[in-house]
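Reader: Hi! Could you walk me through this structure before I set anything up?
Author: Happy to, let's have a look together.

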Amino acid sequence: MQTRPVFSLLVSMSVPMMLSMLIQSLYNIVDSIYVSRLGTDALTAVSLAYPLQNAIVSVAVGIGVGISSAISIYLGSGNQERADRAASLGILLTVFHCILFILAGIFVTRPFLRLFTDDPAVLKDACDYTYIVLCFSSGSLLQIAFEKIFQGIGQMKITMYLLIAGCVINIILDPILIFGLLGFPALGVAGAAIATVIGQISAFLLYILVYLRKSYAVHIRMKYMKPDRKLICQIYSVGIPSSIMMLLPSVLISVLNRILAAFSEVYVAVLGVYYKLQTFIYMPANGIVQGMRPIIGYNFGAGEEARVRTAVRYSLASAASIMLIGTVLSLAIPRQIFALFDADAELMEAGISALRIISLGFLISSVGVIYSGTFEALGNGRDSLIISLLRQFVITIPLSLILSHSCGLGPAGVWIAFPAGEICAALVAFFLLKTYRNGKYSPL
């Protein structure tokens, strides 16, 4: 962490995460392709369930980032006991979150989904899917907690293998349970949900087996699970902003679904498909962020300012390269992309227009993505949250309302708001890192 050339270190840490994120993105798209074969109503139902499903991942990743940041900083400063306490307390906090999501699945699912549709068939499918993914979310929460612990100590290949294993199990089970292959009953969208939770639980159990096989740089012990107010506050000071950052798409989608539903439910389906597609672009970029976090956190703890700046610079260039590829593909072959989802003529026409407009913000978004991850690694959750709020909330929602209704642009106004939000967030992100600690960690 402290001596290897930064670029080769970043590649070795990021590439496994990029590959695993690409596999996970592939799963998300394959899942939607299978569901789309059941009809547009089924695809709409799963799109409506996305905000609650994303809430699980948001809380899990948020607390995981807080744990990972604390582990990296303490290992960099040579404090082994505090690193062990961070890992152990992180698991305890995750178990508490599991209980909360079970309760949310029971009591929140139907009232939430009824806000967005009156169609009985769509509501039934959405409820069937969401009850399962929420009430059996423990596998996802605990899997991600272990993933972030292993990332915090630099074990990226292990997280890659196990994340891929969970996704592959998911992909294999999807058609079997959705369409009733190999003697199984055809469960429709509920089958997609069951395949998802089985994949997540399988990955968690594999993490347990891997952890028990040998000794790693941190140790999870019952004696370290005693409440430690300072450490809990440190984890949540990064974890809560990170969770909010990941929850923002859920809030954003929920609000935009209401705006778009006023024009047609087809645009709701378009938004759902877009968020499946954009993970294929943003998840590899997030793989870079996950690779750079332990590097930045460790060297920040060790006082290596120059290495922190270099890590941010290489991460920014790498993410921009991915975003550029995504932009070119979205502009050049949008029809072929939407054809994967068996789109009818109306969905195809609306989807092509949306993708071409939204993709104009991909390249500039690399600044917001990398700088937000940098602040998380430095233990500064506040500035990370500010950047994310600008990217996905403060600008996008008001501008969507103004452009779509007041300016009469319709759904196009919603799509234009996406790149506008990315531009504003990038400018603020640059300013925040340039002024943080007198610009010691600014890459430019």
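**Around G373 and beyond**

Author: Let's start with G373: apart from its neighbours within four places in sequence, G373 is in contact with V289, M292 and R293. Keep in mind that this is a predicted model.

Reader: Good to know. Where does G373 sit, and how far is G373 from M292 in sequence and in space?
Author: G373 belongs to helix α14, which covers residues 362-377. G373 and M292 are 81 residues apart in sequence, while their C-alpha atoms are 8.2 Å apart in space.

Reader: Is G373 buried or exposed?
Author: G373 is buried, because its relative accessibility is 2% and the cut-off for buried is under 20%.

Reader: What else is in α14? I'm curious about E376.
Author: E376 is in helix α14 too. With a relative accessibility of 1%, E376 counts as buried. Leaving out neighbours within four places in sequence, E376 has contacts with V65, S69, V238, S242, M245, R293 and S384.

Reader: What joins the side chains of S242 and E376?
Author: A polar contact of 3.4 Å joins those two side chains, S242 and E376.

Reader: And which helix holds S242? Is S242 buried or exposed?
Author: S242 lies in helix α9, residues 229-261. S242 counts as buried, at 1% relative accessibility. Setting aside neighbours within four places in sequence, the contacts of S242 are V61, G62, V65 and E376.

Reader: Nice. Switching to packing: how many residues are in the largest nonpolar core?
Author: The largest nonpolar core has 125 residues, and those with the most contacts inside it are I71, I370, Y371, W415 and F418. Helix α10, residues 265-301, gives the most to this core, with 19 residues.

Reader: What does W415 touch?
Author: Beyond neighbours within four places in sequence, W415 is in contact with L260, Y267, V270, L271, A354, I357 and I358. There is also a second, separate core of 13 residues, which includes V46, V133, I178 and V189.

Reader: Now the open spaces. How much space lies in the largest pocket?
Author: About 400 Å³ lies in the largest pocket. Of the 20 residues that line the largest pocket, L277, F280, I281, G326 and L329 are the closest to its centre.

Reader: Which elements give two or more residues to the lining of the largest pocket?
Author: Those are α1 (6-36), α10 and α11 (305-332). The most comes from α10, which gives six residues to the lining of the largest pocket.

Reader: How many cavities of 30 Å³ or more does a search of the whole structure find?
Author: That search finds three cavities of 30 Å³ or more. The second largest cavity has a volume of about 80 Å³.

Reader: What lines the second largest cavity?
Author: The lining of the second largest cavity includes S32, L43, V46, S47, Y50, I253 and F341. The elements that give two or more residues to this lining are α2 (40-76) and α10. The largest share comes from α10, with five residues.

Reader: Before I assign cysteine states: how many disulfides does the count come to?
Author: The count comes to zero disulfides. Take C127: the closest cysteine sulfur to its own is in C135, 11 Å away, so that is too far for a bond.

Reader: How about accessibility for C127 and C233?
Author: C127 is buried, at 1% relative accessibility. C233 counts as partly exposed, at 45% relative accessibility.

Reader: Last topic, backbone angles. Which phi does L182 have?
Author: L182 has a positive phi of about 55 degrees although it is not a glycine. Most residues other than glycine have a negative phi. L182 lies in the loop between α7 (156-179) and α8 (189-213), and L182 is exposed, with a relative accessible area of 73%.

Reader: And what about R437?
Author: R437 has a positive phi of about 50 degrees, and R437 is not a glycine either. R437 is found in the segment after α17 (411-435). With a relative accessible area of 43%, R437 is partly exposed.

How values were computed: Residues are numbered from 1 along each chain as its sequence is written. This is a predicted model: local features need pLDDT of at least 70, side-chain atom pairs count only at pLDDT 80 or more; totals for chains, interfaces and linings use all residues. Side-chain values use heavy atoms; hydrogens and water are left out. Helices (H or I, at least four residues) and strands (E, at least two) are DSSP runs, numbered from the N terminus. Buried means under 20% relative accessible area, exposed over 50%, partly exposed in between (1.4 Å probe, protein chains only). Contact means heavy atoms within 4.5 Å. A nonpolar core is a set of buried Ala, Val, Leu, Ile, Met, Phe, Trp, Tyr and Cys residues joined through side-chain atoms within 4.5 Å. A disulfide is a pair of cysteine sulfur atoms within 2.5 Å. A polar contact is a pair of N or O atoms within 3.5 Å; within protein, one must be able to donate a hydrogen and the other to accept it, and residues adjacent in sequence count only if both atoms are side-chain atoms. On a 1 Å grid over the protein atoms alone, a cavity is a set of points where a 1.4 Å probe fits but cannot get out, and a pocket is an open set with protein on both sides within 12 Å along at least five of seven lines; lining residues have an atom within 4 Å of a point. Grid points are joined across faces, edges and corners, and a volume is the space filled by probe spheres set on the points.
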